[in-house]
Structures are given as C-alpha cells and as structure tokens.
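Here's a quick briefing to read alongside the model. Have a look at it first, then go through the notes.

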Amino acid sequence: MSREERLGWLLCAPAALAMVAVTAWPLVHALGLSLFHYDLRFPARRGFAGLDNYVSVLGSEVWWQSLANTLVITMGSVTIELVLGMALALMMHRALFLRRTLRAVALVPYAVITVVAALAWKLAFDPVSGFVNPWLGVDQAWLGERWSAFLVIILTEVWKTTPFMALLLLAGLTLVPRELLEAARVDGASAWQRFRHVTLPLMRPAILVALLFRTLDAFRIFDTVYVQTRGAQGTETVSVVGYETLMGRLNLGLGSAVSVLIFLCVVAIAWLFVRGLGLHLARRTEP
Amino acid sequence: MARIELDDISKHYPDGTVAVHPTRLTIEDGEFFILVGPSGCGKSTLLNIMVGLTAPTAGEVRVDGRAVTGLDPRARNMAMVFQNYALYPHMTVAENIAFPLRMAGLDKREMEPRVAAAAKMLELDDLLGRRPAELSGGQRQRVAMARAMVREPVAFLLDEPLSNLDARLRVQMRDELARLHRRLGTTMVYVTHDQTEAMTLGQRVAVLREGRVQQVDSPRTLYEAPANLFVAGFMGAPTMNLLPGVVRGGVLVLPMVELPLPAAAGLLEEGRPVTVGLRPEAFVRVAEDEHVARERVFEARVERVEWLGADGFVHFEVAGSGDHAHHRLVARVAPALAVTVGAPVCLAVDADHLHLFDAHSGQRLDVTATRSP
C-alpha cells in the first residue's frame with residue numbers, strides 16, 4: 001500500500017467507523033438475534049433457534065399479506081409520484097418567471113414531518129370533522145374500509161414526496177442539452193416526440209435514481225400507516241408487522257427475523273434496479 | 001431548393017438587448033451564403049430565425065416567396081448542423097441519420113435505402129452501428145451532415161460546423177463541404193466567425209457587426225473594396241494596415257510617406273482627414289540602389305518577422321503624430337530576401353492598392369484608387 005493510499009484510508013476511517021457503528025453493527029446484531037428464540041415476556045425460554053424464526057415468519061399469512069400491502073402502496077405511490085413529479089419538473093424547468101419561488105413552494109410538503117402530514121390527511125378524510133366528504137358530497141368512512149384506506153395512505157405519500165421526486169427529475173431535466181432539443185425540432189419532431197425520443201432516454205439515469213430512492217423509501221413505509229390506521233382494515237405493511245412483533249409482542253427473535261427479511265427485500269429491489277434496469281450509480285466516463 | 005428572403009427582420013430581447021437590427025437579405029437558390037462576424041454580432045440569431053427556432057420581433061421570412069415567419073421548424077423542411085453537432089448520444093449513427101425520417105413517419109423499408117445513401121456519400125458505411133461517443137470529431141461532423149441531408153431539405157443551415165475541429169481536419173472538412181454543395185446544389189447558409197472559412201467557402205458573404213449587416217458581396221469584392229473600416233479590418237489575414245492621412249497640396253500625406261493622389265481622388269477637398277488602408281501586399285521591398293519613385297519609399301526598422309514558407313511578413317513601426325506616437329504595420333515580402341530583426345528595411349508603397357475611408361464615419365470613400373489599367 002502506498003503512502004497516499006494509506007492516507008486515503010486513514011482519512012476515510014472516521015466515516016467508515018461511524019457507518020459500521022450505526023449501520024453494520026445493528027444489522028449484524030439483528031441477524032444474530034433472528035437466530036434465537038428470544039421473547040422478553042418469556043426470558044427463560046431463550047435459546048438457539050436456527051432458522052425457526054424465518055420458517056415461522058415465511059409460513060405466516062400475516063407476513064405475505066403485509067408484503068402484498070406494502071407492494072400495493074409502494075407501486076401505487078411511486079407510479080403516481082413519477083407521473084406528477086415529471087409534470088411538476090417540466091413546469092419548474094420551463095417556468096419563465098418566479099422560478100425560484102415556484103421551486104421553494106413545491107418543496108413545502110416535503111418539509112412537513114411525515115407524522116404531521118399523516119395526521120393532517122387523516123383529519124381531512126375524517127367522516128365527522130374532515131372537509132373531504134362535504135367537498136365531494138359523499139358520506140364515506142375513508143379509513144374504515146381497506147381500499148379507501150389504501151387510497152388515503154397512498155395520497156398522503158404522494159402529496160408528501162412528489163416534490164422530492166420532482167427535484168430529482170428536474171436535476172435530470174437540466175442535463176438534457178438544449179441544442180439536442182432544438183436539433184430534434186429542426187428534424188421535425190413534435191413536442192411529444194421530443195419528450196419521448198430525446199428527453200426521456202437522456203433522463204433515464206435520473207429517472208432510475210429517483211425511482212430507486214423512492215421505491216426503497218416507500219417500501220419501508222411506517223409512520224403514515226401507523227398514524228392513519230395502525231394497520232387496521234388489512235393495511236398492515238412489513239415495517240408495521242416488524243414494529244408490532246418487536247415492540248408490541250416484545251418478541252426480539254421473531255421481530256429481528258422480520259427486520260432481516262425487510263432488509264433482504266430492500267437489497268433485492270436495489271439489485272433489480274442496478275442489474276435488471278442497468279442503472280449506473282457511478283458516473284460513466286466517455287472514451 | 002430554396003430562395004430565402006429576410007425582409008426587415010429584427011430581434012429584440014425583453015431585457016432591451018438588440019440582437020439584430022432591421023435586416024434585409026436575399027439568399028439565392030442554390031447559393032453558398034456565409035454570415036460572418038465576431039461573436040455576438042447576431043449571425044446565429046439570424047440563422048435561428050431562418051430555421052424557425054427563434055421568432056423575429058419584426059419582419060418576415062420568406063422561402064421561395066412563401067411567408068414562413070410563424071411556422072414551426074418542422075413545417076419549413078430546412079436542415080441544420082449545429083456547432084456541437086447535437087447528435088443524439090443514446091442512438092447509433094444509423095438511428096441518428098434516420099431520426100428525421102422516423103419523425104416524418106416513414107417506415108423502415110423507405111428509410112433504409114435513404115440512410116444507406118447518405119451514409120455512403122459521407123463515408124460512414126462502417127460506422128453505422130456505433131454511438132456518437134465512439135466517434136472522432138470529424139466523424140461526428142459527417143454524421144451531423146448525413147442527418148441533415150437524409151430528408152432532402154430545401155436548405156442547409158450550418159452554425160459554425162467546423163469550429164470544434166483541429167486545424168488540419170477543418171481544412172479537409174471545408175473541402176468536403178464545398179464538394180458536397182457542388183454535388184447537391186442545395187442552398188447553404190453558413191455561419192462562422194472565421195474570415196478564412198468565409199473567404200474560401202462563400203459565393204457571397206454577409207459581414208455582420210453588432211446586429212447590423214455591414215456589407216454583402218463576393219469574397220473578392222469584400223477584400224478589394226471593403227465598404228467600411230470594420231469590413232476592411234475583419235476580412236483578410238494579416239489584417240489591413242490603417243493609418244491616418246490628410247490631403248494637402250494635391251498629395252496624400254501619410255505618417256511615413258507622401259503619395260500622389262490617384263486621379264479619381266481629385267474630388268477630395270484640401271485638408272480633409274482620411275483613414276488610409278494598406279493591405280500587407282501593398283508594400284514592396286526595394287533595394288537601396290533601385291530606381292523607384294523616391295517619394296514613395298521609406299525606411300523602417302524590422303521588429304518581427306513571420307516566415308510562412310510561401311510568404312514572409314515583416315512587422316514594423318512608423319512614427320506617428322498626435323495621439324498615436326507609433327503605428328504598427330505589417331508588410332508582405334518575398335520570403336527569399338533576407339530580413340534581419342532590428343535592421344532597417346526600405347519599403348515602397350504601391351499607390352494603386354490603397355483604400356480611403358472617411359476618418360469620422362469609417363465609410364469607404366468611393367474616390368479610392370482602383371487597380372491601374
């Protein structure tokens with residue numbers, strides 16, 4: 001190792017140690033816990049369990065149901081966010097005046113704490129005190145039924161994180177050279193054709209990064225669901241299941257197994273984006 | 001094929017800058033027309049107005065007599081080649097060339113032979129599967145040209161297409177462009193800031209400055225009879241030498257020499273200050289013992305010598321008066337003659353090659369000497 005390399009490692013060391021302490025260590029610890037029968041209500045029955053906890057989680061209907069719920073919320077919210085975020089990004093990109101104000105205003109929902117946003121939306125959809133029912137002229141207990149509860153949860157997520165999506169897409173949009181769009185115009189492309197054949201392909205890396213970030217984020221959804229339904233009406237997500245198992249039932253072994261499974265799902269999603277969709281996280285250098 | 005007319009076209013921006021003052025230009029069908037000028041002179045704006053990327057503030061653009069001012073670029077069927085080529089990086093060379101045809105809704109069977117023909121003409125056959133990032137500058141330039149050609153446009157608009165190439169490649173591509181123009185016979189409008197490109201490629205050249213057309217003429221006329229000091233200084237390399245002069249007692253008095261007034265210059269009133277333009281080739285080197293009209297000969301000290309093989313340029317200073325203590329001048333000399341830096345050299349002025357400009361307006365004075373018969 002050269003002196004320069006050693007210095008490099010030395011300079012990275014504090015950050016690397018912090019990452020090990022707050023990320024790698026809890027992960028390894030959870031992995032360890034997941035291999036034990038460890039229920040705080042019955043501390044005497046603690047003992048090595050092997051893969052028993054995993055068998056038990058993967059064999060339970062609750063896990064698969066919550067996984068399906070999580071995927072519904074993730075796909076629903078991320079899809080809508082992508083479409084709305086793109087529209088918002090295009091508007092911010094083309095705005096001729098009040099550009100900075102527009103960008104700042106668009107970011108407001110993202111600055112609101114998730115719990116607060118979830119509560120606000122819960123109140124808005126409340127059949128007694130909320131304003132949504134009178135506005136729509138309906139009498140609906142939105143959070144009292146499964147699919148409408150999903151709708152409220154997804155709307156809350158969309159409202160809160162579309163600005164984030166829009167900002168990531170805006171960054172990608174500004175990277176599309178104006179000359180290419182002008183060339184496409186001269187080549188006879190209509191506005192839609194320019195978007196479809198030039199802007200979108202060139203934004204692909206930015207879109208994939210935005211999708212990856214938001215998918216990983218949405219998959220771990222916890223606070224919105226916890227505040228709005230507590231998992232009732234069959235809206236439990238995997239994070240809520242993990243929380244309930246750990247904090248509600250105080251079953252550290254089983255809860256850790258759920259956490260490790262969530263982690264594996266997240267890894268799988270990231271792998272899918274990087275390998276399956278060819279997302280290059282490192283900047284490609286031109287030959 | 002198209003005749004392009006700009007009728008009192010102007011362009012103002014909301015912040016008050018005027019990119020183009022009212023301009024009238026006619027580009028004839030099949031012509032190789034050049035817009036030349038320093039950066040910010042409005043030449044690219046004019047090109048963008050022709051193709052429809054920029055809307056003029058006032059005036060009308062006509063193609064073959066048909067007004068197209070409000071039309072979208074796609075309705076004008078003009079092709080453009082951009083300075084950075086503007087190739088689509090995510091498409092192969094073949095896809096880049098086919099793009100305009102695809103946008104026009106042609107199917108694969110119709111596109112293929114046309115793409116192949118354009119690729120063949122520009123020697124791109126072997127590169128059709130590559131992406132722009134894998135091409136050299138010259139190859140990218142050719143792809144951009146092929147993409148422009150493929151849909152048989154009524155005119156080609158080229159915006160500094162050679163400025164990103166190295167000097168040798170630029171000369172080669174210049175040659176190819178000229179050949180392509182001869183072969184296709186399509187109207188070409190070419191924007192450049194390089195006077196050499198303008199002189200070598202253009203059939204007619206419009207010289208622009210600060211959004212105003214200074215002169216539209218053939219390269220030869222621009223060189224031999226520049227309309228004003230700006231054109232005189234812009235066209236030709238090294239640039240024209242400019243000196244203050246005054247008419248006194250029937251002769252033209254320059255800082256270093258007095259010249260007989262050309263016959264046609266008799267109209268110039270006594271005492272009138274003028275700016276005199278002398279191309280480097282208007283100086284002739286004379287030996288001490290040569291019999292030349294003595295009053296035209298002067299001696300100068302050589303400051304710098306540029307030897308270019310076929311040509312030699314001698315830089316020297318002459319003493320001035322008033323605000324200008326010195327005037328730096330350049331003379332072209334036969335390279336075979338030895339010239340030493342720091343040594344004196346005898347030069348004569350060929351009075352047949354001088355240009356006279358009004359000292360205040362900078363406009364050419366038409367009494368200027370023409371070539372002697």
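In chain B, strand 3 and strand 9 (residues 204-209) run parallel and are joined by 4 bridges; strands here are DSSP runs of E, at least two residues long, helices are runs of H or I with at least four, and both are numbered from the N terminus. Two strands pair if DSSP finds at least two bridges between them. This is a predicted model, where local features need pLDDT of at least 70 and side-chain atom pairs count only at pLDDT 80 or more, while totals for chains, interfaces and linings use all residues. Residues count from 1 along each chain as its sequence is written, with chains lettered from A and ligands numbered from 1 in the order in which they are written.

**Strand 3 of chain B**
- V36(B) has V207(B) as its bridge partner in strand 9 of chain B.
- Strand 8 (residues 187-192) of chain B also pairs with strand 3 of chain B, in the parallel sense over 5 bridges, and F32(B) sits opposite M188(B) there.
- Strand 3 (residues 32-36) of chain B is largely enclosed by the rest of the structure, because 5 of its 5 residues are buried (20 or more other C-beta atoms within 10 Å of a residue's own, with C-beta atoms placed from the backbone).
- F32(B), I34(B) and V36(B) point one way, and F33(B) and L35(B) the other.

**Chain A**
- Chain A has 12 helices and 2 strands.
- Its C-alpha atoms fill a box of roughly 75 × 75 × 30 Å along the principal axes.
- Of the 287 residues in chain A, 30% are buried.

How values were computed. A residue is buried if 20 or more other C-beta atoms lie within 10 Å of its own, exposed if 12 or fewer, and partly exposed in between; C-beta atoms are placed from the backbone.
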